[in-house]
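Colleague: I have not looked at this model before. Could you take me through it by question and answer?

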Amino acid sequence: MMHFLEQPFGWSNFFVFLLLGIVMLLIVLGFVTYAIYFERKVIGWMQFRIGPNRTGPLGLLQSVADVTKLLIKEDTIPRKAERQLFILAPVITFIPSFAAIAVLPFASNLFFADLDVGILYYVALSGISTIGIVLGGWASNNKYALLGGMRSAAQMISYEVPLVISVVGIVMMTGTLNLRLIVEGQAGGFWHWNFIPQIIGFVVFVIAGISELNRTPFDLPEAESELVAGYHVEYSGFRFAFFMLAEYVYVFAIASLTTVLFLGGWQSPLPVLDFIPGIILVPAQIFVHRLFLLLAARDAAAHPDRPAHGSRLAGAAAARDRQHFRQRDFNGIGGWGRMKGIMKGLGVTFKAMTAKKVTYAYPDVPLEMPDRFRGIQHFEPDKCIVCNMCAKICPTECITLTGKPNPDPEKKGKVIDTYDINFEICILCDLCTEVCPTEAIVMTNNFELSTYSRDELFKDMKWLTDNNENVRKENNSAAPKGGAKANA
Amino acid sequence: MANDFTSYAWLVPLFPLLAFLVLIAAGRQLREAGAYISIVAMLASFVLALLIFFERLGHTTDYTWNQLKWLTIGDFQLNMGFEVTNLNALMLVIVTLVSLLVNIYSKGYMHGDERVNVFFSYIQLFSFAMLGLVISVNVLELYIFWELVGVCSFLLVGFWYFKPEARAAAKKAFIVTRVGDVGLFLGMLLLFWYMPGHSLDFSAIHNAFSQGKIDPSIATWIAILVFVGAMGKSGQFPLHTWLPDAMEGPTPISALIHAATMVAAGVYLVARTMDIFQASPDAMLVVAYVGGFTAIFAATIGTAQNDIKRVLAYSTVSQLGYMMMALGLGAATAGIFHLFTHAFFKALLFLGAGSVIHAVHTQDIREMGGLAGKMKITAWTFAIGALALSGIVPLSGFWSKDAILSAAFEHNQLLFWVGLIAAFFTAFYMARLFFLVFAGKPRSDAHAHESPAPFTFPLVVLAVLAVIAGFVFTPFNGWLGHWLGDHAEAETANWTVMILSTLAGLLGIGLGYVMYGKNSVSRDIVAGNAPWLYTLVYRKYYIDELYDVVFVRGLRLIGKAFELFDIYIVDGIVRLCSAAVVGIGRLGLRLQNGQVQTYGLATLLGLLILALALAGRRFFHLG
Amino acid sequence: MAQLERIEPIREQAEAEPAAGSGQQTFADGDISAAYEATAGGLLRAGPPESGDGLRTEELLLNVGPQHPSTHGVFRVIVKLDGEVIREAIPVMGYLHRGTEKLAENLNYTQIIPYTDRMDYVSAMTNNYVLVNAVEKMLQLEIPERAQFLRLIVMELQRIASHMVWWGTYLLDIGAMSPFLFAFRDREIIINLFNELCGARLTYNYMRVGGVKWDAPPGWIDKVREFIPYMRKKLDEYNNLVSGNEIFLARIQGIGKYDAQTAISYGLSGANLRCTGVSWDLRKDQPYCIYDRFEFDVPVGKNGDCYDRYLLRLEEMRQSLRILEQAVAQFPDGGDIMGKAPRVIRPPEGEAYAAIESPRGEIGCYIISRGKQEPFRLKFRRPSFVNLQILPKLLVGETMTNLITILGGIDIVVGEVDA
Amino acid sequence: MLDRLIGFLSSGENLVFFVFSLVAICGAIFMISLTRVVHMVMALALTFLSLGGIYITLGAEFVGWVQVLIYAGAITILMIFGIMMTRHRGEAETEPQRPWHNGLLLVGAIVLFGILFYVIQNATITPQSAPVDPKDNTLQIGQLLFNQYVIPFEIMSVLLTVAFIGAIVVAKREED
Amino acid sequence: MSITPYLTLAAILFCIGLYGALSKKNAIIVLLSIELMLNAVNLNLIAFAKYGPKPGLAGQIFSLFNITVAAAEVAVGIAILINLYRNRGTTDVTDMDTMKR
């Protein structure tokens, strides 16, 4: 790659770079989709469920399905929103995130740009995407979106400062902002990696990184419970995809930045392993980092104590101020002791990872219900003596029946002619089977009733008669009112 | 003994001056005595004038005394004084005589008017001015008295100031004569400018012009300008309109000023400066033609007037036209002679008219009639005057008019016929006047009776003078010519002229008798079938309206224009200044409105101006 | 009969002249809009405060709307926000009101029972019992021993299930995803037990006037017996997972605090009352059914904040397990499940009020009968509705995030709030 | 004129400068002409970014990215917060009530530009010493900053602290 | 590439910023315009650093200082703006013409 950069800037290597750019985009997109898939799988495992497994083998195509759904879905723009800004916001958010990747070195000679001001470049660009988020919130003319936008902007700005300061240590050590040189500075075993001498920087960087990405426990802007979905509440379809893409590209960028800065970039952990080409190590480390990031975030459950005045303080001063508050919060009360509760929580989560999964494949494997389950009624016309008891007792009057005189003359009394139950209203309370003296109407265990139109819910006698699989065996109908039918 | 009275000639104007001062000082207390004081003063000056006249009969050298040093400008010395020549002496006598008779007449006529003494004081002032004019030694002194005479005419015409017509007439008279005076003034200036040694004395003028020291074109200009002055005072054609209106004044005044003295001043002026006119033949022609035209023009208007005094006024204008014509033709003596005779019978006619008006209290001849029976003396004297005016043989009018017509006959045939026709018209309107007033049945019920003594005595005296005055200068006896030093004129009896003029006169009287005496020919023969002609003449050829439109309205327009100019330009500028100051103040106010951005803008502009100033300087050096 | 007279005069008096001087502004029957206007509507229409008082920055009016994910159903709070801090909150209810009490007036008692299942759909058994108990009081029926036991076991199982639902959703609201799954995994066991007993998972319709409908199927009681130790182990696991978590503690301690006097004056009941130190549990103080035969203690909190309520409910689950343990031990092995109830239930004229301790507090059923098959008037004292009244007071001055914590702490079920 | 332009645009670097300056000027003009405040802020962010690009082409890599970080990142968001904090009733800028003021101002601005343009065209600046080799810009800036300009650097830090504390104090709402 | 295009661009931006600062009525936009003017100055500094009489890094150092000052200025500016908004209820520059509270 280096020699490419040295050539004078002409049309030919412009296309080469364009090509490389597109390749990088594809790689990133691939990473993003499978990062989402990976995340949902892990969360599932943490909550003793399987996670996406329906689409494609092992659910591998789940994210792909999601993305295509977003592409196909119609992206609406609220009528009163500021059209231009609404459309512009996702663009402003996505472009800097993707541009920031240019400076990340993946291998000794595999990188896109060898800037002397590598880190400054990254920080500058991440600043711009904040504008996109704020604009998105403001332009969608929705109070929740505005609040979400303001909060996320405030959070990103305030955590940018610790992020940058934590990196200063490394820059001081390696003497340059150029990422490639930083990585080369970490050659040799992993003890040469920066995260050992810069342990504090490393921790601050990771936490600031987590908050920069608005991930739990800092996912204040998308706190579902309060602000429904933060700044992109009004976005849908492709534009929403852009926002998600931008967010996950940042995840990729932060993760790779962490590895480059602290975890030795493509330097192998042990000297002996230096033959493994750097190219593999970086994604591996990214993978490990992602895992750690998720665990720490996901289960730690609650949010940090909310900033008391929310996002209204002006200027970077606010960030410094909150930073101070955060510091006290962490090591103020008993420092590491404070972490005990979270560690216990982590323990439970890990145990859950290995616990039996409770997910059952319902549509494929039918659910069998206990015998007494009150499903859809089954009617046997010949038992019915048209005593109207069931129609009278029904609380929602959804049974309508008509009798006709008995066809063969010698028997007196009536025979049932039509018997309809309107399942739109029936609440399956089982009172009708209770009062029916001849058990003409009993309940079955099946409950699938979904139809495409309401009048199909209006079942007639014939349908009720045919509905005769897994009829309930134990119908305590015709129990004498007041008399207890004792059975052990 | 030669000049012992002449040397006292300055006393003649002094007496009326003294009377004037006395009357002004104690006018109210004097009440009745005022009249006598003025009559005594006039009598004294008349006697002195007669003495001077007789003394001068003998020899013809002028007596001048101009030692009164008035002012010296640089090397130029201006002296005042008086000069007595034969012409002056004659004029002195005429003026003093007529004014004396008018004073006597006025005592009766103005009786009962509470401002009678003021009236007499004005007459005395007028007499002083006229006499001073006559004996002045240089043109400037003459001009001073000329203006004084104009003032007196204004005062006297406007004597009954409570009548709006009187006030208007007085103003009109004063303004029109002033127009003339301007001409005279310019002439005087030119004279002063071009005369060797800037001397304005008449003797110096006589020497300079007769020796041809002044080049002719300048002389022509001076002559014409002097003639304009004369036209104004004597009521010649363009400037004659004020004379008929001046009749608003009391009748004695009309007689004194507008018949004999003041109007004669113009003719006297031309006569006095004859040398200038002789130096430029063109001027002579102008004078002659203007005189001729005025004569016939005024005569035609006279025939159609219904006011007795207006008829006489137009007759005066016509006769003055004759005098000017004579002077224009070079017959100075004939002109002066006609002036001499005209003074007497015109004064007579006016005073006669006055007594008629006094009797019937109206001036409209259509309401008079049959007065001959009741006013015997007035009727007779009036008849004598009328005949004299018409130029009937034995009377003075015939001789003077004949002298003029014979001069016209020799020099300018056209003017002769013009004069003849004018004479016919004169005779016709005098006859019409006489018959309307005195003959026929009385048309109004007013019980007319003869006027008392003060009225009739002057009438009789004037009547006598009207008869005998003619013999002074006849084709048979040219004494006046010689006495006046005008020997150029050879006196030949021109029979044809005499016969023609007598015929014209008789024809006019006959026509008048036929139309108005016996009414055999209907009066409105002219008005009947040529009404426009009658109205044209009656309305005095609309000259007044013309002047009104051209001058009055023109001046008013110019005045208006100037007024507008004043308001909008001059005032405008003043208002503009104040508005500018207020505007600058408000601009300042708007700048201090507390807006930071306005201050920013101001600083930016200041900066730019500063930069441009710096860059500009260098830029232009470079550029 | 004495009670009857007492009713008549009240009714005439009520019709004669409206309650005078009740302090509250009384609205004519039809004038509901005025009532609404005076409360929530007024606030809504007030719109942002005019800048007169100028000092406050932008004032946000937020609808924590009916379809908000963390309000356990269609419940709405209108909140006036200043930045993050709540200045004023007005709850709006009635979105799930089905008019059960009015419908009941022309249903006979057996038909009403399925409706009670749907009131507090998270603990249907206690609803059934309170209705049936009230009728039995009027009929002075004698309930057979076995039916009593079955009712008790079923109610205590229902209490545990209900608390587990509360625990799972409450932690989900606060932000932790996993606990919800833990809770519903264990609750599934109880649901299956009920399914085997009465055929339904949520709306059981199990109890009848005079007894119960179904007898325990064979082996059912053994299953219950095995469930108890399993549950105790699980409860310890829950504690480990969440209760120790510092972040969780920081979120929950000291929030939504009120003292005993306020709780009593607001008529709170259940865990909301006991968390302030007032030991009041109907099972102990007004024993009904056969609760007096078993000994169990009533957990009581100290400082009345969300954390105490949280611990209280966990402790209640343990106590229910103790009761179940004793009940299963003493379970009679014979006897009929229905008392001598008349075929057509016509309670005599009069009224009755029965109150029991449901997982959310004291649920009461007040019936006025005119001797007909249908009750003349049926009124349920619904604990969620009463407990909700303290919400506006608690919310003032809190931040948005705490709103959810407090709401979850009170543990309301909207079906019960709106009936 | 045209061939000079093509010549100017031929070399890559000029092209980049031309594109960036075009974007910068359009952003600035939009900032003036647009009516909705947030759109204006966005336009200006665009200008800041393009200026950053121009700094980089001028070899000032470090300053370019600092510009992007501070201006495009921090200040724009600060402005947006400022806008959200204050309510904008009359969102659209009403028509200029001050036609005179604006007109005069426009003239002033154009004249100022004229003067500057004139000066620029005529000024001839000849670099005396060799241009600096842009190898490791950041390193050099770092050395320079802490050797020669360390005093201003310290003053800057003091200034920043004072400014931010001041901002908080001024903006803090008095907790009632 | 001589220095004139850069200086011209800087001049254009400066004038636009000036116009904006003095004509706009919304305080925020005035602040923004001032930022734009500061940027123009920055551009000049850097342009001179490379093409100026004494090419060197001094220009860039000073542009750094300029950026820091600008950031401080915006922070304080917004704070003041918010305070004014609280007192006056508007952000309209033309209303802020009296010192009284």
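Modeller: The model is predicted: local features need pLDDT of at least 70, side-chain atom pairs count only at pLDDT 80 or more, and totals for chains, interfaces and linings use all residues. Residues are numbered from 1 along each chain as its sequence is written, with chains lettered from A and ligands numbered from 1 in the order in which they are written.

Colleague: How many residues does the largest nonpolar core have?

Modeller: A nonpolar core is a set of buried Ala, Val, Leu, Ile, Met, Phe, Trp, Tyr and Cys residues joined through C-beta atoms within 7 Å. Buried means 20 or more other C-beta atoms within 10 Å of the residue's own, exposed 12 or fewer, and partly exposed in between, with C-beta atoms placed from the backbone. Val267(B), Ala347(B) and Ala466(B) have the most contacts inside the largest core, and its residues number 205.

Colleague: How many residues are in the other core, the one that lies apart from it?

Modeller: Its members include Ala99(A), Phe205(A), Leu604(B) and Phe14(E). The number of residues in this core is 171.

Colleague: Is Arg374(A) buried or exposed?

Modeller: Arg374(A) sits in the loop between α13 (339-354) and β1 (377-379) of chain A; helices (H or I, at least four residues) and strands (E, at least two) are DSSP runs numbered from the N terminus. Beyond four places in sequence, Arg374(A) is in contact (C-beta atoms, placed from the backbone, within 7 Å) with Leu428(A), Asp430(A), Met443(A), Gly199(C) and Ala200(C). Because 24 other C-beta atoms lie within 10 Å, Arg374(A) is buried.

Colleague: How are α3(D) and α4(D) arranged relative to each other?

Modeller: Helix α3 (residues 37-57) and helix α4 (residues 61-85) of chain D pack with axes 8 Å apart, at an angle of about 175°. Axes are lines fitted to C-alpha atoms over the stretch in contact, and angles run from 0 to 180 degrees between N-to-C directions. Angles under 35 degrees count as roughly parallel, over 145 as roughly antiparallel, 65 to 115 as roughly perpendicular and the rest as oblique, so α3(D) and α4(D) are roughly antiparallel.

Colleague: Which helix gives the most to the side of chain E that touches chain D?

Modeller: This contact takes 58 residues from chain E and 66 residues from chain D. On the chain E side, α1 (4-23), α2 (27-51) and α3 (58-88) each supply at least two residues. With 20 residues, the helix that gives the most is α3(E).

Colleague: How far apart are the end C-alpha atoms of residues 29-49 of chain E?

Modeller: Over these residues the chain is 100% helix and 0% strand. The end C-alpha atoms are apart by 30 Å.

Methods. Contact = placed C-beta atoms within 7 Å.
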